[in-house]
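Q: I have a structure open and would like to go through it piece by piece. Can we start with the words we need?

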Amino acid sequence: MMRADVNTLLVDLPGTIKAFVAKDTDDFYTIYLNSRLSHEQNIVSFIHEMEHIENDDFYSDLTADQIERVRHGKQ
């Protein structure tokens with residue numbers, strides 16, 4: 001699941017945000033993981049954010065809420 005176009009940062013986020021991914025203008029992705037959460041939770045969050053990248057969610061016509069429902073199996 002490693003890709004040369006993905007960076008990962010461990011940052012201090014509010015407790016309600018587990019992680020998020022952003023795409024920059026050079027088509028590189030950065031996954032931001034919450035440093036307040038456990039290593040185990042950050043692994044789960046990393047996998048989830050990688051699924052967004054692998055599934056080209058940045059190019060989807062769905063809203064962010066719809067994409068999250070699909071990713072969590074709540075279509």
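A: Start with exposure: a residue is called buried under 20% relative accessible area, exposed over 50%, and partly exposed in between. Keep in mind that this is a predicted model.

Q: Okay, aspartate 12 and arginine 36: buried or exposed?
A: Aspartate 12 is exposed, and arginine 36 is exposed as well.

Q: What do the side chains of aspartate 12 and arginine 36 form?
A: They meet in a salt bridge, with an N to O distance of 2.5 Å. Aspartate 12 sits in the loop between β1 and β2, and arginine 36 in the loop between β3 and α1. The pair links distant parts of the chain, 24 residues apart.

Q: How many salt bridges does the structure hold?
A: Four. Another one joins arginine 3 and aspartate 5 through their side chains, at 2.7 Å from N to O. Arginine 3 has a relative accessible area of 28%, so it counts as partly exposed.

Q: Which residues are in a network of salt bridges?
A: Arg3, Asp5 and Glu54 are linked that way.

Q: And what about aspartate 27, which residue does it form a salt bridge with?
A: Lysine 23, with the closest N and O atoms 3.1 Å apart. Aspartate 27 is partly exposed because its relative accessibility is 43%. Lysine 23, at 24%, is partly exposed too.

Q: Switching to rings. How many aromatic pairs are there?
A: The count is two. In one of them, phenylalanine 20 and tyrosine 32 have ring centres 4.6 Å apart and planes at 20°, so this pair is stacked.

Q: Why does the angle make it stacked?
A: Because planes under 30 degrees apart count as stacked, and the planes here are at 20°.

Q: Where do phenylalanine 20 and tyrosine 32 lie?
A: Phenylalanine 20 is in strand β2, residues 19-23, and tyrosine 32 is in strand β3. The pair therefore ties together parts that are twelve residues apart in sequence. Phenylalanine 20 is partly exposed at 34% relative accessible area, and tyrosine 32 is partly exposed at 23%.

Q: What about the rings of tyrosine 29 and phenylalanine 58?
A: Their centres are 5.4 Å apart and their planes are at 55°, so that pair is tilted. Tyrosine 29 belongs to strand β3, while phenylalanine 58 is in the loop between α1 (39-54) and α2 (64-71). These parts are 29 residues apart in sequence.

Q: Tyrosine 29 and phenylalanine 58: buried or partly exposed?
A: One of each. Tyrosine 29 is buried, at a relative accessible area of 5%. Phenylalanine 58 is partly exposed, at 34%.

Q: Which residues are in the largest nonpolar core?
A: There are nine: Val6, Ala19, Val21, Tyr29, Ile31, Leu33, Phe46, Met50 and Ile53. So tyrosine 29 turns up again here, because it is a buried residue and one of the core members.

Q: Which elements give two or more residues to this core?
A: Those are β2, β3 and α1.

Q: Tell me about α1, then. Which of its residues are buried?
A: Asn42, Ser45, Phe46, His48, Glu49, Met50, His52 and Ile53. The buried residues of α1 pack against β1, β2, β3 and α2.

Q: What span should α1 have?
A: At 1.5 Å a residue, its 16 residues should span 22 Å. The C-alpha atoms at its ends are 22 Å apart, which agrees.

Q: What follows α1 with a positive phi?
A: Aspartate 56, with phi near 55°.

Q: Last one, asparagine 34. Where does it lie, and is it buried or exposed?
A: Asparagine 34 lies in strand β3, residues 29-34. Its relative accessible area is 0%, so it is buried.

Q: What does the side chain of asparagine 34 reach?
A: One of its polar atoms lies 2.7 Å from the backbone oxygen of isoleucine 17. The side chain also reaches the backbone nitrogen of arginine 36, at 2.8 Å. That is the arginine 36 from the salt bridge with aspartate 12.

How values were computed:
Residues are numbered from 1 along each chain as its sequence is written. This is a predicted model: local features need pLDDT of at least 70, side-chain atom pairs count only at pLDDT 80 or more; totals for chains, interfaces and linings use all residues. Side-chain values use heavy atoms; hydrogens and water are left out. Helices (H or I, at least four residues) and strands (E, at least two) are DSSP runs, numbered from the N terminus. Buried means under 20% relative accessible area, exposed over 50%, partly exposed in between (1.4 Å probe, protein chains only). A polar contact is a pair of N or O atoms within 3.5 Å; within protein, one must be able to donate a hydrogen and the other to accept it, and residues adjacent in sequence count only if both atoms are side-chain atoms. Rings of Phe, Tyr and Trp (its six-membered ring) pair if their centres lie within 6.5 Å; planes under 30 degrees apart count as stacked, over 60 as edge-to-face and the rest as tilted. A nonpolar core is a set of buried Ala, Val, Leu, Ile, Met, Phe, Trp, Tyr and Cys residues joined through side-chain atoms within 4.5 Å. The expected span of a helix is 1.5 Å times one less than its number of residues. Contact means heavy atoms within 4.5 Å.
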